[in-house]
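Open your viewer and get ready to select residues by number. This tour tells you where to click next and what you will find there.

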Amino acid sequence: MISLDAAVAELENASQIAVACHVGPDGDAIGSALGFAASARLAGRSSVVSFGEPFALPPIYEYLPLELLVPPKQFPTEPEVMVSIDAASLDRLGSLVPSATSSGSLIVIDHHISNPGFGDINVIDAEAAASAQIVFRLLGELGWPIDGSIATALLTGIVTDTGRFQYSNTSPEVLRIAAELLEAGARPEVVGQNMYERVPFSFLKLEGDVLARAELDGDIVWSVLYQEDLTRWGIGMEDTDPLIDAVRLAWEAAVAVLIKELADGTFKVSLRSRGGIDVGSIASVYGGGGHHNAGGFSHAGPPDTIIAAIKARL
């Protein structure tokens with residue numbers, strides 16, 4: 001459901017725009033949100049960005065325009081226009097849900113196939129590789145500026161959600177947009193170095209522990225990250241996103257699973273597919289979501305029960 005024209009009409013008349021992305025934002029969510037809000041400011045609008053608790057970003061995102069970011073408690077409670085970016089459902093906005101339901105107009109920008117269209121205006125394209133791709137189109141229709149900082153933020157979303165242009169969702173349009181972002185001043189070396197080549201030394205120790213307990217079970221390779229691992233090596237949960245990329249390297253497996261123990265004893269589950277299995281649909285069965293090749297959900301556990309539940313859906 002693509003309502004690009006309706007979104008353009010609403011945003012052209014807006015003076016204040018509050019932008020939110022999903023809790024625990026990835027590169028596409030935070031890059032798209034900050035890029036959109038930065039462009040809105042250059043176009044003369046007042047705009048801020050936030051996401052629900054836990055309100056924490058790893059240092060890898062320090063190159064983005066974080067001056068636009070405000071804690072959830074400082075986010076407008078009744079925004080004139082609110083834009084939700086990369087959140088597949090209303091509940092993924094976490095503590096910002098009340099702002100969304102109290103907004104004068106809620107615009108949803110997303111590329112998750114599971115998104116029901118929870119906004120007043122829905123700009124949803126399940127064929128898009130990233131929400132950044134949709135944001136780029138929208139900014140073009142609005143005629144809002146894209147400078148080097150904005151271009152780098154949007155490129156972050158595209159690079160991360162296409163797996164550095166390695167996934168099957170890397171379409172000709174994606175590459176053309178990437179080229180236009182480079183022409184606008186995007187810095188791919190900054191994106192690459194921060195997103196894929198920046199971890200503290202202790203992360204290597206943590207990764208070693210996680211890989212040491214990895215299991216190959218039929219078509220699944222899986223491992224677990226425990227709270228005691230984080231404490232031992234002084235790593236925050238927000239810094240652990242790269243772990244799934246190490247687990248998924250095992251070529252014998254069609255699906256990779258990383259199970260992360262949360263502070264409350266429940267588990268966050270990340271899934272990756274080599275393309276033959278739709279892990280997004282598996283995640284949706286258990287209250288999560290995602291895409292064909294990447295998904296996630298929450299579960300009470302324990303890990304063996306989680307793996308059995310996933311295997312039952314393969």
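This is a predicted model: local features need pLDDT of at least 70, side-chain atom pairs count only at pLDDT 80 or more; totals for chains, interfaces and linings use all residues.

Stop 1: Where the domains touch, domain 1 supplies 9 residues and domain 2 supplies 6.

**Stop 2: the interface.** The size of an interface is often given as the accessible area lost when the parts come together. Between domain 1 and domain 2, about 710 Å² is buried. Carbon and sulfur atoms give 48% of that area. Which residues of domain 1 lose the most area to domain 2? Select Pro58, His112 and Tyr167 to see them. Together they make up 46% of what the domain 1 side buries. How many salt bridges does the rule find across this interface? The count is 0.

**Stop 3: a surface patch.** Move to Val199, Phe201 and Leu204. These residues form a nonpolar patch on the surface, with about 300 Å² of accessible area together. Now pick out Phe201, which sits in helix α8, residues 201-212. Phe201 counts as exposed because its relative accessible area is 60%, and the cut-off for exposed is over 50%.

**Stop 4: two cis peptide bonds.** Select Glu53 and Pro54. The peptide bond from Glu53 to Pro54 is cis, with omega near 5°. Pro54 belongs to the loop between β2 (46-51) and β3 (81-85). Next, jump to Gly301 and Pro302. A cis peptide bond links Gly301 to Pro302 too, and its omega is about 0°. Look for Pro302 in the loop between β11 (294-299) and α12 (303-311).

**Stop 5: two positive phi angles.** Go to Asp86, in the loop between β3 and α3 (97-102). Its phi is near 70°, a positive value in a residue other than glycine. Is Asp86 buried or exposed? Asp86 is buried, because its relative accessibility is 2% and the cut-off for buried is under 20%.

Finish at Arg164, in the loop between α5 (148-161) and α6 (172-183). Phi of Arg164 is near 60°, again positive in a residue other than glycine. Arg164 has a relative accessible area of 46%, so Arg164 counts as partly exposed.

Conventions:
Residues are numbered from 1 along each chain as its sequence is written. Side-chain values use heavy atoms; hydrogens and water are left out. Patches are made of residues with over 30% relative accessible area and no salt bridge: like charges are joined within 9 Å, nonpolar side chains (Val, Leu, Ile, Met, Phe, Trp, Tyr) within 5 Å. Accessible areas come from the Shrake-Rupley method with a 1.4 Å probe; for residues, only the protein chains shown count as cover. A salt bridge is a side-chain nitrogen of Lys or Arg within 4 Å of a carboxyl oxygen of Asp or Glu. Helices (H or I, at least four residues) and strands (E, at least two) are DSSP runs, numbered from the N terminus. Buried means under 20% relative accessible area, exposed over 50%, partly exposed in between (1.4 Å probe, protein chains only). Contact means heavy atoms within 4.5 Å. Buried area is the accessible area (1.4 Å probe) that two parts lose on being put together, summed over both.
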